[in-house]
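Here is a short tour of a few spots in this structure. Have a look at the model first, and then we can walk through it together.

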Amino acid sequence: MENHPLNEKAVSALTDRALAAFDAARSFAELKAARLKHLGDKSELALLNKAIGTIPGALRKEVGQRVGAARAKVHLALAAREKEITSAELGQRLAREKVDVTLPVGLAPVGEPHPITALIDELGDVFIAMGWEIAEGPELEAEWMNFDALNLGPNHPARATSDTLFVDPVENHLVLRTHTSPVQIRTMLSHPLPIYVVCPGTTYRADEFDATHVPAFHQLEGLVVDKGITMGHLKGSLDHLAKVMFGGVRTRIRPSYFPFTEPSAEIDLECFVCRGASVGDPNAPCRTCNSEGWIEWGGCGVVNPRVLAACGIDTDSYSGFAFGMGVERTLMFRNGAADMRDMVEGDIRFSRALIGGAR
Ligand code: PHE
């Protein structure tokens, strides 16, 4: 047996060579080559294995066990080396692909919708969720639509040139609309009944430019015309809007006058700063509401039947309500913007702070 090619020394030399070759392999490709050479069909170990059959009886068992043990050892070594190479290659790949998070990124500012635009979208969504539609009208408006059709007679003070921006030549009777209410008329003339619309848009008045007035501002108009509509529906709709926009803030309506609604009302919001605590307390005055506890939000009322009739609507069967409120004011209440001028100056830091703050 000492000199037989399958003696113990010869088999362990074969085994050692295979193990050394696996150890030396640095990649899957190298390991594969070593595997074919030392474990493949034509490897010495495989040939030895085949040769076992030719060995005479007594020796065969001993040699068979030796070769079997050697092959098992080589297979185990191969599997272990495979694992090592896998984790080494993964480590290398991770090191190669590492991301340097301290590198400077592109600093080009990302755009933001203007807070007024964003708020108009949000206001519209409140009504769309209730099944209303959005209506629109032109900013350059016929004087008749802006005033006469809304029951604002020729001598109404709002028509005076001090408020209204007339467009040259005056004989054309075109104005920059002073409110969104002409869209009520346009809608009643073109939309089948019933009507449930809101109209957001830009409006113009020859106003001072100060913290609470800008000459070009925005309103949200609402108009409903249906059978059996009452002031209760108006109050309910406005309360819902206030709740969505301001959470727990209370609203109140108080009598007022508009030629196109009868009865008419102003809608007020509970002061968002003092919540009414400043009323009658001289030691804690509130500058936001002048210690009145309420802030005016907009106008509203039951649509004057004269307006419905002027649009050809049967006032025996139909009634309606309308409201109009300032979008800038709504933004001031909601996001704590103190100065309306910031809203038109186009400084992105204002938009960012306001929109970011609201999110
Ligand atoms: N158009 C009115 C304004 O600008 C507001 C308003 C709208 C009032 C609808 C009543 C009904 O002040």
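## Around Thr330

Setting aside neighbours within four places in sequence, Thr330 is in contact with Leu119, Phe246, Trp297 and Met325 (contact means heavy atoms within 4.5 Å). Thr330 belongs to helix H10, residues 327-335, where helices are DSSP runs of H or I with at least four residues, numbered from the N terminus. Thr330 is buried, at a relative accessible area of 0%; buried means under 20%, with a 1.4 Å probe and protein chains only.

## About the model

This is a predicted model, in which local features need pLDDT of at least 70 and side-chain atom pairs count only at pLDDT 80 or more, while totals for chains, interfaces and linings use all residues. Residues are numbered from 1 along each chain as its sequence is written, and side-chain values use heavy atoms, leaving out hydrogens and water.

## How H5 meets H8

Helix H5 (residues 115-128) packs against helix H8 (residues 231-246) at an angle of about 135°, and their axes are 10 Å apart.

On the H5 side, Leu119, Glu122, Leu123, Val126 and Phe127 meet His240, Leu241, Val244 and Met245 of H8. By class, this contact has seven nonpolar, one polar and one charged residues.

## The buried face of H3

Which residues of helix H3 (residues 44-51) are buried? They are Leu45, Ala46 and Leu48. Seen down the axis of H3, they fall within an arc of 160°, so they line one face of the helix. Their cover includes helix H1 (8-24), helix H2 (28-39) and helix H4 (57-96).

How values were computed. Helix = DSSP H or I, 4+ residues; strand = E, 2+ residues; numbered from the N terminus. Buried < 20%, exposed > 50% of the residue type's maximum accessible area, 1.4 Å probe, protein only. Axes fitted to C-alpha atoms, helices over the stretch in contact; angles between N-to-C directions. Nonpolar A, V, L, I, M, F, W, Y, C, P; charged D, E, K, R; others polar. Arc of directions from axis to C-beta.
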